[in-house]
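Dear colleague,

Here is the structure that I promised to hand over, and below it you will find what turned up when I went through it. Please keep the model open beside this message while you read.

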Amino acid sequence: MLWSVSGNTVRWTIAGRVPAGETAAGWEQMCLPILWCSVTEDRHEGLDIRQWGRLVRRRKWLLLAIVVTIPAFVYFGSHLLPKTYQSHATINVQPTVAGSIFGGRVTAKSSTAEAQTLLKTPVVGRRAARILGMPPSAARSLSGHISVGPTDPTTSDSSFLTIVATDSEPLTAARIANAFAQALAQTRTANAIKSINRQVKQLELQISSEKSNGASADALEASLQELRVQKAAQSGTTELVEGAVPAGAPISPQPKRNTEIALVLALLIAAGLAPFLDRLDRRIREPGELEELIDAPVLAMIPDDAFPGHLAGLHVRESFQTLRAGLTYFNVDRSLSSLVVASPVQQDGKTTVAVNLAIAYALDERDVVLIDGDLRRPQVANRLGREVEVGLDSVLVGRKTLHEALLDVDVGAGRLRLLPGGTPPPNPAVLLGSQRMRSLVAELKQQVDMVIIDTPGLLAVSDAIPLFSQVAGSLIVARLNRTPTDAVRRAKQVIESAGGTVLGSVATGAHGGGVYGYYGYYGYYGEQSGRDEVENGNGSGGRRLRNLTPFRKGNGPEGE
């Protein structure tokens, strides 16, 4: 069913069609169990992939900023860091006579170990500094630029070593590596020659003392000659196999690698941040959260299009029909002749829900009275396009009778009357809590099928508290992505403490209509049917569909 405002008359038409052979009431009774199944669907414990996906979509801009900003910051930051170049020099280390002065066999492994230790000594550092044309005092800083290790670590008896030098300039790094290779070779040769010279002197002294013993002197002469031959061969024990050359690219920083690592970390941060922020966010995000907070069903989801300033589609009408049907189905065992529409705070959409729900009941051939109980900021008459001369305040103070204050609103079916708020009084809480208000509500419940009362924000002012015990039940209206969870929990406590009954909740600000936003299938065919009527010009129904802007005439604040 659809409705529109034309002057002071609310017109209606039927865009959807009940299947052949079924009455509207019968078809509704068939569909309502499906509604119940939808509302009470099982909720999985923990955070499944679908819930996590909703969290990511909800925070998509923040998470996207993290995923983009962190890698970008690392990438540009890497380019600003000083560059480090690395060069390698490979040497072949052979045993020297210095390693066997006192006899014994020296292996290649012991020679490379000796060379690695020698390379880090100040003696080699000072030699390298002289080769580079630097003062000896630079030896310590130069040693910090080099490292040495086996060229092939997997081979235990390899005689090859690689000297690695690093510097901010590629040419300097290569010169340092070559200088240390040359200094190591010179130092090993000098040490070996010095050892040989000591042995030569010892042998010469022994030969002088053994001249009388010919055989012994001849043996010593042979050893002396062998030492002199080995002395000449020491310059080849440390050979530069491959000299260092300037590197073409720095080893650090590596913007590409750093950016890839930063991207992975950003994704992990974003993945963990989504549920963390959701824990910190105290606003209601999903209808299921509202259902758990008040331990009552979510009877309908009202889309943003229902609020003033938006163009409503068929899904808006279907949402309020779903709400009316849900109230009927969930209260089959009780007489539901009156209810209060409440919300924890302002701007949740309670006035929108109260007005449209009253019309939905009237379209169901009911006699309905809609009371604007928000005496501080009455909006209902404005939504229905009615001029207010007298209102609820005048009735409660005895200036007017109830019959004089009620305004008829033509919806084309049933009966809808409005009792507007009137002029804001100085004491609205006193008036709504008076005995006269109790008598008025009781009188209306006896006379009509349904009494709906709109109220101010429940946690903002205490005006509505006396009304909860006077009606059959209350609806809690909460706006998704806006209403705090603590406010909804507190509103339920206030209603129950005041002797009221929470019939269910309504989630406003949704992206779809119906229950949990699943308008889909019926919305498509209902809208297609409406378009067909307009295109075919089927009498007054087509004219009414062109003006479907329910309750947009008023200037009330959006979200009320």
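A491 sits in helix α18, which covers residues 485-497; helices here are DSSP runs of H or I with at least four residues, strands are runs of E with at least two, and both are numbered from the N terminus. Please bear in mind that this is a predicted model, in which local features need a pLDDT of at least 70 and side-chain atom pairs count only at pLDDT 80 or more, while totals for chains, interfaces and linings use all residues. Residues are numbered from 1 along each chain as its sequence is written, and side-chain values use heavy atoms, with hydrogens and water left out.

With a relative accessible area of 1%, A491 is buried, a word that stands for under 20% relative accessible area, whereas exposed stands for over 50% and partly exposed for anything in between (1.4 Å probe, protein chains only). Leaving aside neighbours within four places in sequence, A491 is in contact with P344, L458 and L459, where contact means heavy atoms within 4.5 Å. The C-alpha atoms of A491 and V345 are 9.1 Å apart in space, although 146 residues separate the two in sequence.

The same helix α18 holds both E496 and K492, which are four residues apart, about one turn of the helix. An α-helix has 3.6 residues a turn, so residues three or four places apart point the same way. The side chains of E496 and K492 meet in a salt bridge, at 2.7 Å from N to O; the term asks for a side-chain nitrogen of Lys or Arg within 4 Å of a carboxyl oxygen of Asp or Glu. E496 is partly exposed at 43% relative accessible area, whereas K492 is buried at 16%.

How many salt bridges does the rule give in the count? The count comes to 10. One of them joins E114 and R188, whose closest N and O atoms are 3.2 Å apart. E114 belongs to helix α4 (residues 108-119) and R188 to helix α7 (residues 170-209), so this pair ties together parts that are 74 residues apart in sequence. E114 is partly exposed, with a relative accessible area of 33%, while R188 is buried, with 3%.

Another salt bridge is formed by the side chains of D367 and R417, at 3.7 Å from N to O. This pair links distant parts of the chain, with D367 in strand β9 (residues 367-372) and R417 in strand β11, 50 residues apart. D367 is buried at 17% relative accessible area, and R417 is buried at 11%.

Is G421 buried or exposed? At 0% relative accessibility, G421 counts as buried. Beyond the residues up to four places away in sequence, G421 touches D372, L375, P378, G391, L392 and D393. D393, in turn, lies in helix α14 (residues 392-396) and is buried at a relative accessible area of 6%. With residues up to four places away again not counted, D393 touches R399, G421, G422, T423 and L431.

A search of the whole structure for aromatic pairs finds one. The rings of Y75 and F76 have centres 5.4 Å apart and planes at 80 degrees, so the pair is edge-to-face. Y75 is partly exposed at 34% relative accessibility, whereas F76 is exposed at 56%.

Helix α11 (residues 314-329) has 16 residues, and 13 of the 16 are buried, so this helix is largely enclosed by the rest of the structure.

Finally, for the protein chain as a whole, the secondary structure comes to 20 helices and 14 strands, and 47% of the 560 residues count as buried. Of the contacts in the chain with a separation of 6 or more, 80% come from residues 24 or more positions apart.

With best wishes

Methods. Rings of Phe, Tyr and Trp (its six-membered ring) pair if their centres lie within 6.5 Å; planes under 30 degrees apart count as stacked, over 60 as edge-to-face and the rest as tilted. The expected span of a helix is 1.5 Å times one less than its number of residues.
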